[in-house]
Amino acid sequence: MDNLWTENIRKVEPYVPGEQSKEKDIIKLNANENPYPPSPKVFEAVKNFDCAGLKLYPDADAGKFKEAIARFYHIKKENVFVGNGSDDVLALSFQTFFNSEKPIVFPDITYSFYPVWCELFKIPYKTCPLGGDFRINADDYKEENGGVVIPNPNAPTSLGEGKGFIEKLMEYNKDCVVIIDEAYVDFGGYSSVELTEKYENLLITCTFSKSRSLAGMRIGYAIGSEKLIASLEAVKNSYNSYTVNSIAMAAGTAAINDKEYFNKTVSKVIKTRERVKKELRKLGFEVLDSQTNFLMATHREKDMKEYFEYLKTQKVFIRYFNKPRINSYVRITIGTDKEMDIFLEKTKEYLGRF
Ligand SMILES: *Cc1c(COP(=O)(O)O)cnc(C)c1O
């Protein structure tokens, strides 16, 4: 018989991230990381970082760092919250804002961390099926909800919705907090930051992991009304009064201040994405019109799990989700042009086309 105490251990199904292989020379297109290094200004900031200062706790308010983020968006520091990756910011937001008896709602195909947090924090939830075209229909979110969370653009579909969609969503959901997860927005999506002034219950979450090439540094932030941000600070300060670490803040400040480098890398990724999309379509793939740094693709004549596994033997890692509705698709992160050429070459090999 099992020990009785085991009954009281939390049983959770954790989130499974894209594999981080220890193999060398692999082409890693499976975790939506940026293929380019962070800004040279980040290298400089980390190299010149005063390590003696590490004996002190970081600025608990992250004042300077928040100011740099606020400057980028032309908002106030009081409208910015920072955390250790946007996963941290999102998890905190779930705890802070989703305390209703009514279920929170999100799409059936979306970032798979949302149901994990709901289970962990005991938040009731329900999902809304995406349309056959994988788009989100704002009218599905009309009912009284305990909260709403939607990535825009959505993952792993790569599809984004515009201002009209967000405004509709906000009109339908005046009595709960709506979180828009903008992890991928810099790659061509519509950002609702401008709407946070109009809607006090709208929270945007963002990350330095994708468009700013700092996944390893773990920096995320949220933008919203002073009321929402103050509530997030209060919840964070009830169990961890210190913020992002000092080195991360130095790197993050350097990254957000270098607009030129940011624009340049984002444009490069977009350009490569569009080229690869066309090439894949020529090879018979159906590819969704991505507004992110990845492509969602399927092939009528081929089994995508087998394709994914073939590429793995060729040291090209992409992502396959063994889940209803999307198990005939693969998700391909956009790498450098050189990496994508190898990916395309291996894809042609798989299809038997030379
Ligand atoms: C990558 C991602 C995040 C988390 O990013 P962090 O690395 O934790 O900042 C959040 N939401 C979505 C939809 C993502 O794809």
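The questions that follow go from the whole chain to a single residue.

Modeller: Please keep in mind throughout that this is a predicted model.

Colleague: How many helices and strands does the protein chain have?

Modeller: Both kinds of element occur in the secondary structure of the protein chain. The count is 10 helices and 13 strands.

Colleague: Why may the protein chain be called as compact as a globular protein of its length?

Modeller: For 354 residues, the globule rule gives 20 Å. The protein chain is as compact as a globular protein of that length because its radius of gyration is close to that figure, at 21 Å.

Colleague: What share of the contacts in the protein chain with a separation of 6 or more comes from residues 24 or more positions apart?

Modeller: A contact here means heavy atoms within 4.5 Å. Among contacts with a separation of 6 or more, the share from residues 24 or more positions apart is 72%.

Colleague: Is Leu311 buried or exposed?

Modeller: Leu311 belongs to helix H9, which covers residues 304–313. Its relative accessible area is 0%, and the cut-off for a buried residue is under 20%. Leu311 is therefore buried.

Colleague: Which residues is Leu311 in contact with, leaving aside its neighbours within four places in sequence?

Modeller: Tyr141 is 170 residues away along the chain, and its C-alpha atom is separated from that of Leu311 by 39 Å. With the neighbours within four places in sequence left aside, the contacts of Leu311 are Val316, Ile318, Phe343, Lys346 and Thr347.

Definitions and conventions: Residues numbered from 1 in each chain as written. Predicted model: local features only at pLDDT ≥ 70, side-chain atom pairs only at ≥ 80, totals over all residues. Heavy atoms only, no water. Helix = DSSP H or I, 4+ residues; strand = E, 2+ residues; numbered from the N terminus. Rg over C-alpha atoms; globule rule 2.2 N^0.38 Å. Buried < 20%, exposed > 50% of the residue type's maximum accessible area, 1.4 Å probe, protein only.
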